[in-house]
Amino acid sequence: MIESSVPAVTPETSFAEALRQAIARRGLALNRIRTHLADRGLQVGVATLSTWQSGRRIPRDDSLAVITALEELLHLPTGWLTVRIPPARSEPACSTHPYAVVDYAVALTELLDRLRRDAHGRLRNVTVLEELHLGPHRSGHLRRVTQSVIAVQPVDRLIIAAQGEPGCNVDQIALRAVSGCRTGRIARHPDTGAMLGELLLDRMLAVGDTAIVHYDIEDRTGLPAMDYQRFNEWGGAHYVLEVQFDRAALPVRVHEFRRRHTSGPDLVRRDLMLTPDGRAHVVEPSTDPGTVGIAWEWD
């Protein structure tokens, strides 16, 4: 097993500076890095690598596979470089205020103040695998989530947000830690059906440290659901959503969608086929800030 050798940088360290330090620590020349990447089928020139580490250019979305390979080549934790790539200038800043990509952001911010405001934004998602199970009464009664994260500031907890169907009794929505963490405090907002909960990690994470948590969100309200969307404040994560419908209650139509905001227009809308056992899924290799979801029609 290769031992990780992570430069001592701060959360504010730029992508260029972090890349320079990581390359210097490994003692690799740029032409050797280019050769190693080419051996993996990734073509990138020495000039491009030079502009990345000088800060004259930043990688774009089509270079994320190269950045992931660089992290492995330089013996860095997964996502250590990726989370430092600044958004393109054409993208709106979505993290000026917490949870700005959802229409119940004010409620979530109030709940955050009741938990730990300073815990927000200290982690970035690397991968999220999410299963939504719908029951025979068309309600989304269980979400099972496996989530890997990387720390961009020292942190010992992950803040989880959820919202029930309109008119729900939010007290019937529960967060349960499965492994890699334990359930902390829970705060609820009855008017919007929003919930915010703490997952306390097994240890304090330093910058660049990673963790994997497994948790469930149980919805005992019994209200029928028409869609599910997960929001991403920063983007960059590999996301997989699978919806499992009960064989006794299959929808007549299913589609995936992507939005900049939970109540905004669909930027992408694509029909999905149900599998013989009543499942539909969407895979997003690298999320943008905004939401990814699946919607369905019952009749």
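This is a predicted model: local features need pLDDT of at least 70, side-chain atom pairs count only at pLDDT 80 or more; totals for chains, interfaces and linings use all residues.
The phi angle of His-75 is near 60 degrees, a positive value in a residue other than glycine. A positive phi is also found at Gly-27, which follows α1 and has a value near 70 degrees.

Helix α1 comprises 12 residues (residues 15-26), which at 1.5 Å a residue should span 16 Å; the end C-alpha atoms are 17 Å apart, in agreement with this expectation. The buried residues of α1 are Phe-15, Ala-16, Ala-18, Leu-19, Ala-22 and Ile-23. Because these residues cover an arc of only 165 degrees around the axis, they lie on the same side of α1. Their packing partners are α2 (30-39), α3 (46-54) and α4.

The largest nonpolar core contains 40 residues, of which Leu-199, Tyr-215, Val-243, Ile-294 and Trp-296 touch the most other members. With residues up to four places away in sequence not counted, Val-243 touches Leu-132, Leu-134, Gly-278, Arg-279, Ala-280, Ile-294 and Trp-296. Another core, of 26 residues, lies apart from the largest one and has Val-44, Leu-74, Leu-76 and Ile-150 among its members.

Charged side chains were examined next. Side chains of opposite charge can pair when their charged atoms come close. The structure holds 22 salt bridges. In one of these, Arg-117 pairs with Asp-113, and the closest N and O atoms are 2.8 Å apart. Arg-117 counts as partly exposed because its relative accessibility is 40%, and Asp-113, at 48%, is likewise classed as partly exposed.

A salt bridge also joins Asp-299 and Arg-138, at 3.6 Å from N to O. This pair links distant parts of the chain, 161 residues apart: Asp-299 is in the segment after β13 (290-297), and Arg-138 is in the loop between β1 and β2. Asp-299 has a relative accessible area of 76% and is therefore exposed, whereas Arg-138, at 29%, is partly exposed. The phi angle of Arg-138 is positive, near 75 degrees, in a residue other than glycine.

The side chains of Arg-176 and Glu-218 form a salt bridge of 3.7 Å, N to O. Here, too, distant parts of the chain are linked, since Arg-176 belongs to strand β4 (residues 173-179) and Glu-218 to strand β7 (residues 210-219), 42 residues apart. Arg-176 is partly exposed at 40% relative accessibility, and Glu-218 is partly exposed with a relative accessible area of 24%. Finally, a network of salt bridges links Asp-156, Arg-157, Arg-185 and Glu-198.

Note on methods: Residues are numbered from 1 along each chain as its sequence is written. Side-chain values use heavy atoms; hydrogens and water are left out. A nonpolar core is a set of buried Ala, Val, Leu, Ile, Met, Phe, Trp, Tyr and Cys residues joined through side-chain atoms within 4.5 Å. Buried means under 20% relative accessible area, exposed over 50%, partly exposed in between (1.4 Å probe, protein chains only). Contact means heavy atoms within 4.5 Å. Helices (H or I, at least four residues) and strands (E, at least two) are DSSP runs, numbered from the N terminus. The expected span of a helix is 1.5 Å times one less than its number of residues. The arc is that of the directions from the helix axis to the C-beta atoms. A salt bridge is a side-chain nitrogen of Lys or Arg within 4 Å of a carboxyl oxygen of Asp or Glu.
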